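Here's a quick briefing to read alongside the picture. Have the structure open and look up each residue as it comes up.

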Amino acid sequence: MMAQTFKVAGMTCGHCVTSVTDSLSKLAGVEHVKVDLSDGVVTVRSKHHLAGPEVAKAIDDAGYELIAP
Ligand SMILES: [Cu+2]
């Protein structure tokens with residue numbers, strides 16, 4: 001199990017948190033997603049290292065933007 005943190009732009013409310021959490025939770029190996037709305041930091045716990053482009057796409061699909069890995 002490992003944890004990675006990502007900075008995400010555009011999240012403003014609980015709905016945004018749910019959208020990003022749901023999208024990232026669908027990635028293979030992801031076990032837990034925690035979103036800190038106040039600073040836009042998303043922590044993902046997973047069975048293996050997640051590739052940046054994979055994470056960026058999941059966040060983009062949810063309608064937000066990965067601004068820093
Ligand atoms: Cu929102």
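Let's start with Asp22, which lies in helix H1 (residues 14-25); helices here are DSSP runs of H or I with at least four residues, strands are runs of E with at least two, and both are numbered from the N terminus. Keep in mind that this is a predicted model: local features need pLDDT of at least 70, side-chain atom pairs count only at pLDDT 80 or more, and totals for chains, interfaces and linings use all residues. Residues are numbered from 1 along each chain as its sequence is written, and side-chain values use heavy atoms, with hydrogens and water left out.

**More on Asp22**
- Asp22 has a relative accessible area of 42%, so it counts as partly exposed (buried means under 20%, exposed over 50%, and partly exposed in between, with a 1.4 Å probe and protein chains only).
- Asp22 and Ile59 are 37 residues apart along the chain, yet their C-alpha atoms are separated by 9.7 Å.

- Cys16 is buried because its relative accessibility is 5%.
- Cys13, at 33% relative accessibility, is partly exposed.

**The overall fold**
- You'll find two helices and four strands in the chain.
- Follow the sequence along and the pattern reads β-α-β-β-α-β.
- For 69 residues, a compact globule would have a radius of gyration near 11 Å, and the chain agrees with that at 10 Å; this radius is taken over C-alpha atoms, and the globule rule is 2.2 Å times the number of residues to the power 0.38.
- The C-alpha trace spans about 30 × 20 × 20 Å along its principal axes.
- Of the chain's 69 residues, 38% count as buried.
- Take the contacts (heavy atoms within 4.5 Å) between residues at least 6 apart in sequence: 62% of them join residues at least 24 apart.

**Thr43 in strand E3**
- Look for Thr43 in strand E3, which covers residues 41-46.
- Is Thr43 buried or exposed? It's buried, because its relative accessibility is 18%.
- Setting aside neighbours within four places in sequence, Thr43 is in contact with Ala3, Gln4, Thr5, His32, Val33 and Lys34.
- Ser23 sits 20 residues from Thr43 along the chain, and 13 Å separates their C-alpha atoms.

**Glu65 in strand E4**
- Glu65 belongs to strand E4, made up of residues 65-68.
- Not counting residues up to four places away in sequence, Glu65 touches Lys7, Val8, Ala9 and Ile59.
- From Glu65 to Pro53 it's twelve residues in sequence and 12 Å in space, C-alpha to C-alpha.
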